[in-house]
Amino acid sequence: MDEDVFLERDRGLSQDQRAELGLGALVFVVVALLLAMLAFVFHEAWPSFAHNGLGWFGGGGNVDRQIEAIFNSGEYKTAPVYTFHAWPLIWSTIVITVGAVAIAFVAALFIAVFMIEFAPAWLRRILEPVVRLLASVPSVIYGLAGVLVIVPLIGNHLITQSEKAAVTPTIQLSGASLLAAVLILTVMIAPIMIAVFADGLRAVPRGWLEGSLALGINEWRTFWKVAVRTARPVLVAGTVLATARALGEAIMVSMVSGGVGFAPNPVDGLIFFFEPSQPLAATIIRNTEGLGSPPMKHTLYAIAAVLLFSSAMLSAIGWAAKQPMRRYGVVP
Amino acid sequence: MNVLFRAYNRLHPSIRFNYLPDGGNAGVQDVQAGRRLFSINTRPPLPSDAGTTYFKLWLDGLCIAVNPANTVSNLTIAQTKNIFTGVATNWGQGFGSNLTSTIDPIGRNSTAGLYTFFQQAVLGGATQSSNVQQVTSDGLVATAVSKDPNAIGYVGIAHTGKGSGVKSVDVNGVPCNQANIKTEHYPLFRYAWGVLPTSNPSKTVERFFDWVRTSKLAGQIINRGGAVAAFNKK
C-alpha cells in the first residue's frame, strides 16, 4: 500500500508535462542564443559606430580606401583607424535587393497562378519538384554560373568599347555589374517566392472560386480577384522571406557584382546597369581575411549588425502588413 | 602548408600540428604574445615584429597574367604600375599589344596578402585604382582573365600553368617561371617565412623548419603545391 503511494510520487510529472518542459527549455535556449548573438554582434560592432556616428551610413571618400586603411591600422602597435562611410555599400544593397525582389515578385506571382490554376496536371507534376529543387540550389553554384557565363556574356557582348572608355579609369565595365547581380539574384529568390505563393494559392477554399465561377465570371478574373486577393498575406510573407534572402546573399553577389565600393548612378543612363558595386553582405565575405586586424573586425561586425537590424525590421514589416488582413478572417 | 604537416606527421607520428590559418600578421602577433610556438608569414620582417626571428622557408612568385588573345609579351614594373593605378587605360598605349581596347585590370581585395605584396613590389605603396575589379581569390582572377580578352591580373605562379587559360607575361624581360624565381632573377618573388620567438624557440619546430627547408620530399611537396622550393636537395 505504502509502496504504491511512493511509486506514484516518484513518477512526479506526467509524460505530457515532461515533454512540455523539455520543449520549453529548448525554446528558451534558442531565444537565449539569439539574444546572446545579438548582444555579441552589437558589442563587437560598437567601436565602429562610436567613431563614425551617423556618418557611418553616409557617403564621403572612397570606401575601398577606407577599408584598406582600417585593415592596415590593425598592425602591431599602430593607432587604429575607424573612419568608414558605408553609403556606396548600402546603396548597392538597396538597388540590388529591390531590383531582384521586384522582378522576382511579378514573375513568381504569374508562375504560381499558372502552376496552381491553369497548368495541365502533367505539367504541374513536373513544375512543382523543379521549383522546389531550384529553391534549394546552393548560392555558390549560381555564383559560378554567373562568373563563367553571365558576366563574360555581358562584358563581351553587351558593353561597348566606347562605354568602357567613357568611364575608365574611374570604374571598369567588365560585366561584373548590377545587371548580373540582379539577374542571378532574381533567379535565386524567385523559386522561394513561387513555392510560398503556390502554397498560399492552393489553400484558398475551392468553394469560393466555384461560387464566383457559378456567377459566370471567367476563370482568369475569378482567380485574380478571389484567390490572389485571399492569398495576400502569403504574398507578403513570401516577399519578406525572399527579401531577407536577397539582403543576406553574400557569396554569389560577391562573385558577380564587381567588388568595388562604388555607388552606381542612375543618371548615367544605360551604363548604370553595367556599373560595378558591392553590397554589405559581400563586403563581409570579401574581407574575412582581415578579421585578424581588430579595427577591421569591428567594422565587419558593424556591417553585420546593420544587416541583422534590417532583417529584424523586415520581419516586423511583414508582421505589420499582415495585421489589417486578419480583420477579414484571412489567416495564412 | 597542411600537406607539409601531414607528410612530416607521417615521418614523425608523435608530432601533431595545430595550425590556424588566420593571416600572417595575426600569426606574428600570436608568436609575440607567446600564444603560439611558430607562425608562417609571406612578408619580410617589419620593425613591429620585435621579439621574433624569421627563417626563409620557400619562394613564391607573383605572375602578371593576360588573356592568350593579347599579344603583349613583356611589361616593365612601371608599366604594370601605370595599369593598376589607372594611369594607362588602353592597350594601344605602347604595350606592344595587338589590342587597342580599354584595359580591364583585375586584382585582389585590399585585405588579401597577395595584394599587400603587389602593392609593395609593384605599386610602390600606392593604392590600386578604382577601375581594378577586385575578386576574392587567385583562381577567380585567373578565371576572369581567361574570359576577357582585355583583362590583366596578378596571380601566384600556381595559377598560370597549362589549362589555366591565361598567359603570363615577362616582367622587366624575365619570364615568370620556377627557375627564374629560384635564382631571384624574376623581380616579383617573395619568401614564405617561418616565424619563431627569439627567446626559447621550440626545438621541435626548429627541426620541422629545417626539414621543410632542406629535405627532398618537402621540396617536391612545395613545388607541386605551386610554390618554389628554394634550398631543398634535388
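**Exercise 1. In this predicted model, work out how many residues of chain B are in contact with chain A, and which elements of chain B supply them.**

Step 1: Start with the count. On chain B, 30 residues are in contact with 35 residues of chain A.

Step 2: Now look for the elements behind that side of chain B. Helix H2 (24-32), S4, S5 and helix H5 (138-147) of chain B each put in at least two residues.

Step 3: Pick out the top contributor. That's H2(B), which gives the most, with four residues.

Step 4: You get six nonpolar, 20 polar and four charged.

**Exercise 2. Take strand S4 (residues 104-108) of chain B and decide how covered it is, and which way its residues point.**

Step 1: Check burial, where the cut-off is 20 or more other C-beta atoms within 10 Å of a residue's own. Five of the five residues in S4(B) are buried, so the strand is mostly covered.

**Exercise 3. Find the strands joined to S4(B), and trace how the chain gets from S4(B) to S5(B).**

Step 1: Three bridges join S6(B) to S4(B), and the two run parallel. Here Pro105(B) has Ile152(B) as its bridge partner.

Step 2: Next comes strand S5 (residues 133-135) of chain B, also parallel to S4(B) and joined by three bridges. Opposite Ile106(B) you'll find Gln133(B).

Step 3: Follow the chain. From S4(B) the path goes through helix H4 (residues 113-121) of chain B to S5(B), a right-handed β-α-β crossover.

How values were computed: Residues are numbered from 1 along each chain as its sequence is written. Chains are lettered from A and ligands numbered from 1 in the order in which they are written. This is a predicted model: local features need pLDDT of at least 70, side-chain atom pairs count only at pLDDT 80 or more; totals for chains, interfaces and linings use all residues. A residue is buried if 20 or more other C-beta atoms lie within 10 Å of its own, exposed if 12 or fewer, and partly exposed in between; C-beta atoms are placed from the backbone. Two strands pair if DSSP finds at least two bridges between them. A crossover is right-handed if, with the strands pointing away from the viewer, the path from the first strand over the helix to the second runs clockwise. Two residues are in contact if their C-beta atoms, placed from the backbone, lie within 7 Å. Ala, Val, Leu, Ile, Met, Phe, Trp, Tyr, Cys and Pro count as nonpolar, Asp, Glu, Lys and Arg as charged, and the others, Gly among them, as polar.
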